[in-house]
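Visitor: I'm new to reading protein structures. Could you put one up and walk me through it?

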Amino acid sequence: VQTCALPILVGLFIFISFIGFSTIKKSEQRFIWVGMSKETAHQLGTPISSLLGWVQILRERSYKRPESIKVIDEMDLDVNRLGKVAERFSQIGSTADLKDQDIHLILEKVKNYIQRRLPQMKKTVALEENFSDVPLIPLNSDLIEWVFENLMKNSVDAINHDNGLIKIETGHSDHKKYKIYVDIIDNGRGISSKKKSDVFRPGYSTKKRGWGLGLNLAKRIVEEYHHGKLIVKESQTGVGTTMR
């Protein structure tokens, strides 16, 4: 009996050690994420405040020159955009402030933002909505906007032809744990079956620029802050991808 018990005890010890190590590793990763986010928000804060001041000075000096006002308005939008990015980073690691909201209003806002950026990205992409009648759900609008922006930008980047299409669909979830689903569907280059498990890994990217952190951060926001799930629902090389 003692001989049989020894391997069991050793196996149990190894299992407990593995669980402990995994927990510590995840805790360290989370600490690094939170630290990077807070420091980024802090570093952005001072120059953004300064830029807002300079924009105001320019506006006061150029109130009689319509051509200058137009440029200043665009600068103002960009600086406020930076402020929003800093605010998002500052919320990482804090308790998420979730309020019941209409997911469609947030999706519409993000869609319009992406639509305005398409000419700069030199892409020909149609954005379509297919919204169902879904209930209000508890959300942090700043953080969940960040998720949808990331997903839609990835879809735009994946489209390398002139007949690009991104569909944004919502509906009632058939999973008991979740109330609704949101699908971002594109007809881009797709993800190979070998790479599907890698897309959420920190550092993974098929782009020349970027750190490969976007999808990992998006997954954290959806799952840790909103208690949902972010997955590659389906993808086929040369056909497209559906993120749910």
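Visitor: At 47% relative accessibility, how does K109 count?
Guide: Heads-up: this is a predicted model, where local features need pLDDT of at least 70 and side-chain atom pairs count only at pLDDT 80 or more, while totals for chains, interfaces and linings use all residues. Residues are numbered from 1 along each chain as its sequence is written, and side-chain values use heavy atoms, leaving out hydrogens and water. With a 1.4 Å probe and protein chains only, buried means under 20% relative accessible area, exposed means over 50%, and partly exposed is in between. K109 sits at 47%, so the label is partly exposed.

Visitor: Which residue meets K109 in a salt bridge?
Guide: Side chains of opposite charge can pair when their charged atoms come close. For a salt bridge, a side-chain nitrogen of Lys or Arg must be within 4 Å of a carboxyl oxygen of Asp or Glu. K109 has such a partner at 3.3 Å, N to O, and that partner is E145.

Visitor: How many residues apart are E145 and K109?
Guide: K109 is in helix α3 (residues 103-121) and E145 is in helix α4 (residues 141-158). Helices here are DSSP runs of H or I with at least four residues, strands are E runs of at least two, and both are numbered from the N terminus. This pair links distant parts of the chain, and the separation is 36 residues.

Visitor: What separates K219 and E223 along their helix?
Guide: These two form a salt bridge, with the closest N and O atoms 2.8 Å apart. An α-helix has 3.6 residues a turn, so residues three or four places apart point the same way. K219 and E223 are four residues apart in helix α5 (residues 214-225), so what separates them is about one helical turn.

Visitor: How many salt bridges does the structure hold?
Guide: Another one joins D97 and K99, with the closest N and O atoms 4.0 Å apart. There's also a network of salt bridges linking E108, K111 and E129. For the structure, the count is eight.

Visitor: How far apart are the end C-alpha atoms of α3?
Guide: The expected span of a helix is 1.5 Å times one less than its number of residues. With 19 residues, α3 should span 27 Å, and the model agrees because its end C-alpha atoms are apart by 26 Å.

Visitor: Which residue caps the N-terminal end of α3?
Guide: Look for a side-chain oxygen 2.9 Å from the backbone nitrogen of H104. The capping residue is D102.

Visitor: Which residue has its backbone nitrogen 2.7 Å from a polar atom of the S235 side chain?
Guide: S235 is in strand β6 (residues 232-236), and at 15% relative accessibility S235 counts as buried. Contact means heavy atoms within 4.5 Å, and, not counting residues up to four places away in sequence, S235 touches G190, I191, K196, G240 and T241. The backbone nitrogen at 2.7 Å belongs to I191.

Notes:
A polar contact is a pair of N or O atoms within 3.5 Å; within protein, one must be able to donate a hydrogen and the other to accept it, and residues adjacent in sequence count only if both atoms are side-chain atoms.
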